[in-house]
Amino acid sequence: MPRDCTSLNDVRVGIDSLDRQIFEALRQRLEYVKAAAQFKPSEESIPAPERVLTMLAERRELAEAAGYNVAFTEELFRQIIEWNIQQQILHWRATRGQANPTEVQA
């Protein structure tokens, strides 16, 4: 815990550990995003703008309830969502034999 740190190195170790957890959560999120592609009838159905709006509103509410910066949280999740949508499109194409293999990113 941050309050238990006795040196700058302790702080850095804690931050590095959290960054690894964030990365792992993002990796798992992308796996769910790719799994969703199997339920999408067309490439055009992937972006789901109404779902994005709902998700962003929920993330804003989470930030507000936590006393966290709402604008930062919304922009962070907007970028995560947009990147994941692009990855889902590439995955959707790849699973249907429509993608250049060099386009697909993990």
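Predicted model: local features only at pLDDT ≥ 70, side-chain atom pairs only at ≥ 80, totals over all residues.
## Basis

Local features rest on pLDDT of at least 70 and side-chain atom pairs on pLDDT 80 or more, while totals for chains, interfaces and linings use all residues. Numbering starts from 1 along each chain as its sequence is written, and side-chain values use heavy atoms, without hydrogens or water.

## Helices H1 and H3

Helices are DSSP runs (H or I, at least four residues), numbered from the N terminus. H1 covers residues 8–36 and H3 covers residues 70–95.

The expected span of a helix is 1.5 Å times one less than its number of residues. For the 29 residues of H1 that gives 42 Å, and the end C-alpha atoms are 42 Å apart, so the two agree.

## The H1–H3 crossing

Two packed helices are described by the angle between their axes and the distance between the axes. H1 and H3 pack at about 45°, with axes 9 Å apart. That makes H1 oblique to H3. Axes are lines fitted to C-alpha atoms over the stretch in contact, and angles run from 0 to 180 degrees between N-to-C directions.

The crossing is right-handed: the near helix is turned clockwise from the far one by less than a right angle. H1 contributes Leu26, Arg29, Leu30, Val33, Lys34 and Ala36 to the contact (heavy atoms within 4.5 Å). H3 contributes Ile80, Ile81, Trp83, Asn84, Gln87, Gln88 and His91. Seven of these contact residues are nonpolar, four polar and two charged.

## Buried residues

Buried means under 20% relative accessible area, exposed over 50%, and partly exposed in between (1.4 Å probe, protein chains only). In H1 the buried residues are Leu30, Val33 and Lys34. They pack against H3.

The buried residues of H3 include Thr73, Glu74, Ile80, Ile81, Asn84 and Ile85. Also buried there are Gln87, Gln88, Ile89, Leu90 and Trp92. Their cover includes H1 and helix H2 (49–66).

Arg59 sits in helix H2. Its relative accessibility is 17%, so Arg59 counts as buried. Beyond neighbours within four places in sequence, Arg59 contacts Thr73 and Phe77.

Cys5 lies in the segment before H1. Cys5 is partly exposed, at 28% relative accessible area. Setting aside neighbours within four places in sequence, Cys5 touches Asp10 and Val11.

Terms used: Helix = DSSP H or I, 4+ residues; strand = E, 2+ residues; numbered from the N terminus. Parallel < 35°, antiparallel > 145°, perpendicular 65-115°, else oblique. Nonpolar A, V, L, I, M, F, W, Y, C, P; charged D, E, K, R; others polar.
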